[in-house]
Amino acid sequence: MIRLALAPLLEGRTLRVRSVGPHDMRARGEGRGKPVRGAWIGRRELLHGARIDRLERRGKRLALVARDGRTLVVQLGMSGQLMLAADSARTHRHVTWGVEGQRHPLVFRDPRRFGGLTPYASPEALHAAWNEQLGSDALCISASRLADALRGRRPVKAALLDQRVVAGVGNIYADESLFLARIDPRTRCARLRPEQVIALAASIRTVLARAVRTGGSTLRDHRTALGQPGQAQQLHAVYGRTGLPCIECKHPIRGARLAGRATAWCVRCQAAR
DNA sequence: CAGGTATCCTGTCCGC
DNA sequence: TGCGGACAGGATACCT
């Protein structure tokens, strides 16, 4: 969604770093490097003076690729925003770019600092890193690739949160996908029947596509890349509905902690079989 | 050593 | 009304 909204506004245009700070956010190192606290990325790596060639996305990561090869990955974490809008809040701005020919600046803000920026020297380096760190994108995950990735004794919910299994599924859409596929989130990957994996792959594609279509939203204060509020939160079948009646069978939605995250599912519709 | 969990961080919401 | 605390999310360091 963010890529779709920003691509036509940024492609072919030159960025100029206008301000950087505060300097206390995570600058993620190349590859698996540890997040560096208190360090920052240079203006050159922040694409100062770079003409944007294209925006690439895989899972939750967005890459700005410049014509000279410089590449900057934006991870929004949970509260991050990348916006080209007049009403972008002024607090928690980490990087502000001027965009050639655009009235409003491009702003990366991240109040909770779970997000981060990662520079790469080239698109090739970016793809190498992504191939290592990320599985297939959720919007086009095939049943066979999902079957290959869903191995082991982990509960299927925990596997879905692993970006190396499927890139792009977070806590909310993991629950929603499992509900649509009628799979108990506690089911061990190795015990999933082939038809369940097929259903799950289709459900992931459906749920993510719907989220993108409706502006993608999770938190109440979520905004799109152009400043519009998202609406997908109203479409959730199980997430945030613990104790409320299932939209299919009216049975109360169960809530529990699984893989360290809040999990909601219908024990009747998603019965372990 | 795979799988579970603690940690980071701040805004929001709940109860006293 | 004010305030403390729990909680939410994504990624990863760390522990078992």
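Biologist: Which residues in H5 meet which residues in H6?

Modeller: In this predicted model, Tyr173, Glu176, Ser177, Leu178 and Leu180 of H5 are in contact with Leu200, Ser203, Ile204, Thr206, Val207, Leu208 and Ala211 of H6. By class, that contact of H5 with H6 comprises eight nonpolar, three polar and one charged residues.

Biologist: At what angle do H5 and H6 pack, and how far apart are their axes?

Modeller: H5, residues 171-180, packs against H6, residues 194-213, at about 130°, and their axes are 8 Å apart. H5 is therefore oblique to H6, since an angle has to be over 145 degrees to count as roughly antiparallel.

Biologist: Is the crossing of H5 and H6 left-handed or right-handed?

Modeller: H5 passes H6 in a right-handed crossing.

Biologist: Turning to the backbone, what is the phi of arginine 182?

Modeller: Arginine 182 has a positive phi of about 60°, although this residue is not a glycine. Most residues other than glycine have a negative phi.

Biologist: Where does arginine 182 lie?

Modeller: Arginine 182 is in the loop between H5 and H6. Its relative accessibility is 40%, so arginine 182 counts as partly exposed; exposed would require over 50%.

Biologist: And what about the phi of alanine 259?

Modeller: Alanine 259, which is not a glycine either, has a positive phi of about 55°. Alanine 259 sits in the loop between strand S13 (254-258) and strand S14 (261-265). With 43% relative accessibility, alanine 259 counts as partly exposed.

Technical notes. Residues are numbered from 1 along each chain as its sequence is written. Chains are lettered from A and ligands numbered from 1 in the order in which they are written. This is a predicted model: local features need pLDDT of at least 70, side-chain atom pairs count only at pLDDT 80 or more; totals for chains, interfaces and linings use all residues. Side-chain values use heavy atoms; hydrogens and water are left out. Axes are lines fitted to C-alpha atoms, for helices over the stretch in contact, and angles run from 0 to 180 degrees between N-to-C directions. Helices (H or I, at least four residues) and strands (E, at least two) are DSSP runs, numbered from the N terminus. Angles under 35 degrees count as roughly parallel, over 145 as roughly antiparallel, 65 to 115 as roughly perpendicular and the rest as oblique. A crossing is left-handed if the near helix is turned anticlockwise from the far one by less than a right angle, and right-handed if clockwise. Contact means heavy atoms within 4.5 Å. Ala, Val, Leu, Ile, Met, Phe, Trp, Tyr, Cys and Pro count as nonpolar, Asp, Glu, Lys and Arg as charged, and the others, Gly among them, as polar. Buried means under 20% relative accessible area, exposed over 50%, partly exposed in between (1.4 Å probe, protein chains only).
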